[in-house]
Every structure is written in C-alpha cells, then in structure tokens.
Amino acid sequence: MNTSLDCLPCFFKQVLEAGRMLGLPPASIKHIMDDIGDKLKHFPMDMCPPQMAFHMQRLFAQHSGTNDPYHAIKKMSNQQALAVIDDLRSIIRESVNPLKTAVQLACAGNIIDYGAFPSGIDVQVEITRILQQQGMSTVADSPLFEFTAFHEALKKAKRVMYIADNAGEIVFDRVLLETIASMFPEIELYLVTRGYPILNDVLPEDAIECGLDSVATIISSGSKTPGLVLSQADPAFLQLYQEADMVISKGQGNFEALSDEQGPIFFLFIIKCEVIMQHVGGAMRDLVLKHNYT
C-alpha cells in the first residue's frame with residue numbers, strides 16, 4: 001500500500017502525541033519533527049507508511065535513551081490481556097461458530113495499537129469493551145469479512161504462517177490459534193514476530209510470555225519496521241514464508257506493508273484510520289477479514 005498525502009500530517013501528529021506520552025522534552029520532539037520533515041522531502045510516495053514509521057521510532061529510541069521505549073507498555077498490555085484469556089476461551093467455547101468468534105475477537109484485539117493511538121489507550125477499557133461487544137453479535141460474511149473463504153483455506157492448508165502485530169493483542173491471537181489447532185490439528189502453525197523493538201509490536205519474548213509457543217512455532221522475520229516489509233526480512237524467514245500454504249497477516253501495519261504482495265494472504269484487523277477506511281471500503285472500527293486474491 002502506497003503512502004497517501006493524508007499520511008503526512010499524521011506522521012507529525014504521531015511524533016507529537018507519542019513524544020509526549022514517552023515523556024520527551026519539547027526540544028526533543030521538535031528535533032524529531034525537523035528530522036521527519038527532512039526525510040519526507042525525499043520519501044517516495046510509493047513506499048508504504050511503515051517504512052517512514054521506522055525512521056520515526058528510531059528517533060524516539062535515540063531521544064529516550066533506550067532501544068525499546070515501549071517495553072513497559074508492552075509488559076502491561078500483555079499482563080492485562082492474559083488476565084482475561086479464560087474469558088476469551090469461554091466466549092469461543094460457548095459460541096455457535098467458535099472459529100468465527102475467535103476471528104472476531106482477534107480482529108477486535110487489534111485496537112491495542114500505539115501506532116494508531118500514539119497518545120496512548122486504556123488497554124483494560126478496550127478489553128472490557130471487546131468482551132462486551134463480542135458476546136452480543138456475529139459478523140456476517142461480506143466483502144469486508146470473508147469468513148467462508150478463510151475457513152475453506154484452512155481446510156486445505158498444511159502450513160499456516162500468522163504474522164503478529166502488537167503486544168497485548170497477541171493474547172487474542174493465541175485464542176484464535178488455539179481454535180485453529182483444535183479444529184485442524186494437522187496444520188503446522190508458525191507465529192511471526194518483529195526482529196527488533198519497534199512501537200509496541202510483538203518480539204519473540206512477548207510471544208513466549210503470552211504462551212504462543214504452546215500452540216505455534218515462534219519465528220522472527222528480522223523486520224525492523226512496524227509492518228512486515230518483505231524486502232527487509234531475513235532470507236531464512238522468507239524461505240519459510242514462500243513455503244506457507246496460507247498467511248494470516250494481522251494488523252494495519254502488516255496490511256500496509258503486504259497488501260500489494262502476491263500470495264495466499266488473509267488480512268485480519270480493525271479499521272483505525274481514514275486512509276485504510278477508504279482503501280478497503282468500511283467504517284471506523286469495522287472488523288476486517290479480507291483475502292488477497294493477487
């Protein structure tokens with residue numbers, strides 16, 4: 001997905017809000033804005049937004065004095081989500097369509113995103129809202145939510161690669177992967193993380209902390225961007241990626257990075273951005289499960 005003109009002011013808004021949330025002094029925030037402004041002069045619009053976000057987050061790391069400024073936020077998000085994992089499992093177990101409910105919960109969990117909400121979110125409030133909403137309704141098949149195609153693809157798949165997005169959210173991914181594993185025990189499941197700290201994105205240690213290693217093989221893509229840019233991934237990962245029968249791409253950042261790629265990809269996220277809303281055809285906070293047919 002190319003960068004839109006509407007993304008440009010959003011970059012600066014993210015710098016301001018995230019800089020304040022991380023406690024950076026005004027001079028540092030202004031310095032980061034100046035640096036991003038200089039980079040935008042030469043930033044090709046046919047590159048995806050995560051590639052600019054990488055530069056932004058690198059500057060946050062420099063000015064905060066740590067390579068992982070979101071470390072404490074990730075720990076908190078993981079702990080709060082793990083506290084409700086039994087509730088999530090109960091909702092799925094009692095559903096008339098456990099797999100669809102698990103997909104809905106995973107989509108809704110994508111709201112735990114400090115890239116889309118750089119000034120911060122109340123993770124506990126969002127989790128409570130998800131539990132309340134998902135116990136009440138079922139999303140029907142539509143061009144925005146292609147559950148039947150997703151289910152049919154799982155029936156045929158032997159190796160599924162699940163590209164993770166955010167900490168905390170990873171617990172919602174875990175219950176979806178558990179559901180897939182129980183329904184299709186022959187499938188070989190891989191959980192893909194980022195290669196380096198970036199935003200609140202999942203690293204291997206986050207996935208292990210949240211128990212994903214009990215249901216999938218955890219691998220790092222080697223990616224430094226908040227969205228899997230294949231041209232920057234490790235060769236060993238790319239070989240596994242190319243051998244997958246099905247790829248589940250989680251989150252907006254991964255959608256932005258992979259939406260123009262070929263392959264058996266299903267994108268799974270919640271709409272949190274007007275550019276994405278216009279791109280996929282939906283409304284804010286709509287749940288998305290779309291198949292890439294290219």
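This briefing walks through the cysteines, the aromatic rings and one loop glycine of the structure above. Keep in mind that this is a predicted model, where local features need pLDDT of at least 70, side-chain atom pairs count only at pLDDT 80 or more, and totals for chains, interfaces and linings use all residues. Residues are numbered from 1 along each chain as its sequence is written, and side-chain values use heavy atoms, with hydrogens and water left out. In short, the structure has zero disulfides and four aromatic pairs.

**Cysteines**

- A search of the whole structure turns up zero disulfides (a disulfide being a pair of cysteine sulfur atoms within 2.5 Å).
- Take Cys 10: its closest cysteine sulfur belongs to Cys 273 and sits 6.2 Å away, which is too far for a bond.
- Cys 273 is in no disulfide either, and its nearest cysteine sulfur, that of Cys 7, is 6.2 Å away.
- Cys 10 is partly exposed at 33% relative accessible area, and Cys 273 is partly exposed at 23%; the scale calls a residue buried under 20%, exposed over 50% and partly exposed in between (1.4 Å probe, protein chains only).

**Aromatic rings**

- Two aromatic rings are described as a pair by the distance of their centres and the angle of their planes.
- Rings of Phe, Tyr and Trp (its six-membered ring) pair here if their centres lie within 6.5 Å, with planes under 30 degrees apart counted as stacked, over 60 as edge-to-face and the rest as tilted.
- Four such pairs are found in the structure.
- Phe 150 and Phe 266 make an edge-to-face pair, because their centres are 5.4 Å apart and their planes stand at 85 degrees.
- That pair links distant parts of the chain, with Phe 150 in helix α8 (residues 147–156) and Phe 266 in strand β5, 116 residues apart; helices (H or I, at least four residues) and strands (E, at least two) are DSSP runs, numbered from the N terminus.
- Phe 150 and Phe 266 are both buried.
- Phe 255 and Phe 269 form a tilted pair, with centres 5.1 Å apart and planes at 40 degrees.
- Phe 255 is in helix α12 and Phe 269 in strand β5, so this pair ties together parts 14 residues apart in sequence.
- Phe 255 counts as buried at 6% relative accessibility, and Phe 269 is buried at 0%.
- Ring pairs join Phe 255, Phe 267 and Phe 269 into a cluster.

**A charge over a ring**

- Lys 224 lies over the face of Tyr 196, 5.0 Å from the ring centre; the test asks for NZ of Lys or CZ of Arg within 6 Å of the ring centre and within 35 degrees of the ring normal.

**The loop glycine**

- Gly 263 sits in the loop between α12 (252–258) and β5 (265–270), and is partly exposed at 22% relative accessible area.
- Gly 263 and Asn 292 are 29 residues apart in sequence and 7.1 Å apart in space, C-alpha to C-alpha.
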